[in-house]
Amino acid sequence: MTATKLPVPGRRARRLVTRDEAVMSPSYTRSYPFVMDHGLGCLVWDVDGNQFIDFTSGIAVVSTGHGHPEVVQAIKDQAEKFIHMSGTDFYYQVQIELAEKLNRLVPGNYPKQVFFTNSGTESVEAAFKLARYSTGCSRMIAFIGAFHGRSMGALSLTASKYVQRAGFSPLVPGVTHVPYGYCYRCAYNQTYPACDVYCVKYIEDTLFRRLVSPEEVAAVFVEPIQGEGGYVVPPPLYHQRLRELTDKYDILLVDDEIQAGMGRTGKMFAIEHWGIVPEIVTIAKGIASGMPLGAMVASKRQMTWHPGSHGNTFGGNPVSCAAAVATLRLIEGGFMRNAEVMGERFMEQLKKMQSRHKSMGDVRGLGLMVATELVQDKDTKEPAVDLRETVVQKCFEKGLLVLACGMSAIRFIPPLNIGADLVDEGLRIFEAALTEAEAGK
Ligand SMILES: Cc1ncc(COP(=O)(O)O)c(C=O)c1O
């Protein structure tokens, strides 16, 4: 395979970055200057002709790889028929078909209904509003480390990085954050399973007794695996205990599958690994292979809101829906199984790598949602933030795109149809970058 034509960024990329800096909002978080020209499958090329392996999928979005012919054909066919008609005011078949499909796929053997959006934050915003509307309660519980989006309601649930909230107060009131089931860095300094899932018990024993009346709580918002927070996989009994708690107090459980869902973990929705049925599921990212689309799927019982109470102009765009139907066909037709198999390959190799590298504190994930957390010392677990930045940069220079997450983790989220050769080659580049960075080169 031809790797990058070093050094990067090349002349064209440098020029475009300069133009970008002049006209684009400075709030974006680019950590290296990859300027995309085109992509194919799990490979992408920059504007100077350099080739990279894509372990980012554009933040877990391009689930079927770049330019999958069946997705591209579905987009072309729909675009030739019509590009937009607004599902808020009119009807069209592809949107209905997709809603029927999602309702079948989302866990829960009861009737469901779909509200379509254009992004993750809008799906969460819709869930926030529906939870308030259908319960008549105003309060929400979310988790430290959570990322649910950046519009005001979703941002109020987000507690991943302080910079995401700073300067935007007051946020929507009524959200209380509690520690997530992050056993590698347990907030209560306990050990699973001896802790008896104390992080969930705390909600009942402390929060509900001293701070928040459970009768006022509309919903608990939870990511099945924390994404931006560091690819944190909670312990085996975590989601079950959370479900028992929310059932006991008649609180809605909102499962945010925006990053973990759509086959990425080897199941259509990550929560299925724990056998849990939520009342509301939020979806976006990987659903349409890169076309903007999101969805909020709720049990019909919860969909109590009336015409006019919520809507949008672009949600459920027909071209995006057509891309989603094709994407789901591919995910169900083998890509989800591939995510499971390739995920095991990642895990096996990363675990071996962990024994060779003093900075790989933790390796975790499910399917193709995998990460390693870098530390300065495996005993103190002090986050190796600078080292992480160096490794990400070096990967780029060597022809591999990766993204950071959490305080000091690096995530591996390639398209779901990646082959073994690119997994191995990408991990080889990652280890070379890590080795150099650890040696201070
Ligand atoms: C779990 C989760 N929820 C919500 C969002 C927000 O999605 P978007 O960036 O499409 O608004 C993200 C984005 O990373 C996410 O990972």
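Reply: Two residues are in contact if their C-beta atoms, placed from the backbone, lie within 7 Å. The model is predicted, and local features need pLDDT of at least 70, side-chain atom pairs count only at pLDDT 80 or more, and totals for chains, interfaces and linings use all residues. Residue numbers start from 1 along each chain as its sequence is written.

Leaving aside residues up to four places away in sequence, Thr 88 touches Gly 311, Asn 312 and Thr 313.

H4 itself covers residues 93-105, and its axis comes within 9 Å of that of helix H9 (residues 318-356), crossing at roughly 40°. Axes are lines fitted to C-alpha atoms over the stretch in contact, with angles from 0 to 180 degrees between N-to-C directions. H4 and H9 are therefore oblique to each other (under 35 degrees is roughly parallel, over 145 roughly antiparallel, 65 to 115 roughly perpendicular, the rest oblique). On the H4 side, Val 94, Gln 95, Glu 97, Leu 98 and Lys 101 take part, and they meet Pro 318, Cys 321, Ala 322, Ala 324, Val 325 and Leu 328 of H9. This contact of H4 with H9 comprises eight nonpolar, one polar and two charged residues (Ala, Val, Leu, Ile, Met, Phe, Trp, Tyr, Cys and Pro are nonpolar, Asp, Glu, Lys and Arg charged, the others, Gly among them, polar).

At the level of domains, whose bounds come from an automatic or database assignment, the chain is divided into domain 1 (11-67 + 337-438) and domain 2 (70-330). Their centres, taken over C-alpha atoms, are 25 Å apart. Domain 1 gives 28 residues to the contact and domain 2 gives 26 residues. On the side of domain 1 that touches domain 2, H9 is one of the elements that supply at least two residues each; also among them are helix H2 (57-60) and strand E11 (360-366). That side of domain 1 has 14 nonpolar, eight polar and six charged residues.

Note on methods: Helices (H or I, at least four residues) and strands (E, at least two) are DSSP runs, numbered from the N terminus.
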